[in-house]
Amino acid sequence: MLLSDPLGMWTSRHFDEWVLSGQSLLGHITIVSDPAAIRSFMIDRAVNYVKDDLQLRVLKPTLGEGLFTADGAAWKTQRRALAALFTPRSVGGFAPGMAAAATALVDRWVTRGPRRVVQVDREMTRLTLDGLDRSIFSGALTRDRAAVHEAQAYFAAMGAIDPLDLFGAPAWVPRIRRLRTRPVTRFFEALVERIVADRHALLADKPGAAPRDLLTLLFEARDAETGEGLSRAIVRDNVLTFLGAGTETTSSALTWALYLLSQDHMARERIEAEVDAVVGARDVVADDLPHLVWTRAVIDETLRLYPTAPLIQRMAVSADRLRNVAIPARSTVVYAPWVLHRHRKLWERPEVFDPTRFLPGAPAIDRFAYLPFGAGPRICIGASFALQQAVVSLATIVGRLRVDLLAGTAVMPEHRITLRPKGGLPMLATAR
Ligand code: HEM
């Protein structure tokens, strides 16, 4: 299923059928695009559909037992503890840090001349990492930000799945990909170890001086039944989890938004006009967000056409039926935003970039036809954080610059861990 670039496996039938199932190299797979059936397995019967072995085999060596990969009581304790960080109020409080990160990026681009070529995909990763650092990490990464950025870009480039993991080879068999990324992995581990140790010491010495951020909430978390805290290893796993899950994702959305705007000059003029009217020459503030409706619609439509997570995968614990199709026990069940969001029975002109679909007052969209952030208990904890960071960053960029595709650049989406432009996306940024 998860081959080096799974986008290649979708055929015309996938965009027309509600459910397709069959045998693959990796066992029995059912691909579901019927919104009601997606609701059934992601929400109503979510206990029967767990994160599958393959996904865990691939992610656990890096993310350990952090929120993305943990299960059962351990997952519940972490999720409950971190919920406080992602309430609307808390996320709203992160707007100044997000705006400062975006302004720093635009300043850096502009000071190097009125027109310059920028590697948009890499720059967006740097921006989202900076925003994360200025919010849920309270600046803990600052000292090593440039180095972290390099490592992050390297990880993104290496993001394909190792064939040995795909077929379940034992953990002791050396993975070429993992060997190649070992220096980066070591760098990350040392960095994270230091951040966790520093906070542990601060909480022991002067608990009142510690910011109420990701690290503090993790150290304070207690299991509801046993009252036990999280181990230092789990705190560390979550730092890696949030660095991974919170950076490449929003970066992918921003990269594709800038690409789509460069291809649609009417949509671009409209976003520029909105930002000029709402924000003007100052930084974006939280109060601007409800007024940036076209900017938000551009982000929503970008996540429809270029969903950051193009495929969501589960394993059926016991046999089931979905839309009258038999689901064998221990088989794989998938819904693919890449397919669902372009499905011919769900969308009019599915291939066309049209942000008006998401404007207030537009015809209602079935909640289970549009799922960029997943659904059910494992829905993205960072969804509102990501949407806010995307809107703040896009408004800051388009307020000051126009970003165009370089003549002759071929843009091809590629499904690595997230959806990236194959070979990167160089663009020309011109001061407005
Ligand atoms: C456009 C940006 C983003 C997209 C499209 C996205 C998408 C997703 C999806 C689809 C899932 C569910 C995966 C599944 O059910 O198998 C998920 C989970 C998760 N996301 Fe995001 N994400 C984004 C940004 C973020 C950000 C900014 C953060 C953190 C600040 C974050 C942290 C997480 C975590 C920790 C989980 C695991 C939650 C759990 O299992 O309880 N994500 N994300």
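**Figure 1. Secondary-structure elements of the ligand shell.** In this predicted model, at least two residues of the shell around the ligand come from each of helix 3 (72-83), helix 12 (232-263), strand 5 (312-316) and helix 16 (383-400). Helices (H or I, at least four residues) and strands (E, at least two) are DSSP runs numbered from the N terminus. Helix 12 contributes the most, with five residues. The ligand is surrounded by 25 residues (a heavy atom within 4 Å), the closest being Trp75, Arg79, Arg314, Arg378 and Cys380. The shell comprises 15 nonpolar, six polar and four charged residues. Residues are numbered from 1 along each chain as its sequence is written, and side-chain values use heavy atoms, without hydrogens and water. Because the model is predicted, local features need pLDDT of at least 70 and side-chain atom pairs pLDDT 80 or more, whereas totals for chains, interfaces and linings use all residues.

Figure 2. A polar side-chain atom of Trp75 lies 2.8 Å from an oxygen atom of the ligand (a polar contact being a pair of N or O atoms within 3.5 Å). For Arg314, a polar side-chain atom is 2.7 Å from a ligand oxygen atom. An N or O atom in the side chain of Arg378 is likewise 2.7 Å from an oxygen atom of the ligand.

**Figure 3. The iron atom of the ligand.** Cys380 (SG), 2.3 Å away, is the single protein donor to the iron atom (donors are N, O and S atoms within 2.8 Å of the metal, or 3.2 Å for Na, K and Ca). Cys380 lies in the loop between helix 15 (337-340) and helix 16.

**Figure 4. Packing of helix 13 and helix 14.** Helix 13 (residues 265-278) and helix 14 (residues 293-305) pack at an angle of about 140°, with axes 8 Å apart.

Notes: Polar contact = N/O pair within 3.5 Å; in protein donor to acceptor, adjacent residues only side chain to side chain. Nonpolar A, V, L, I, M, F, W, Y, C, P; charged D, E, K, R; others polar. Axes fitted to C-alpha atoms, helices over the stretch in contact; angles between N-to-C directions.
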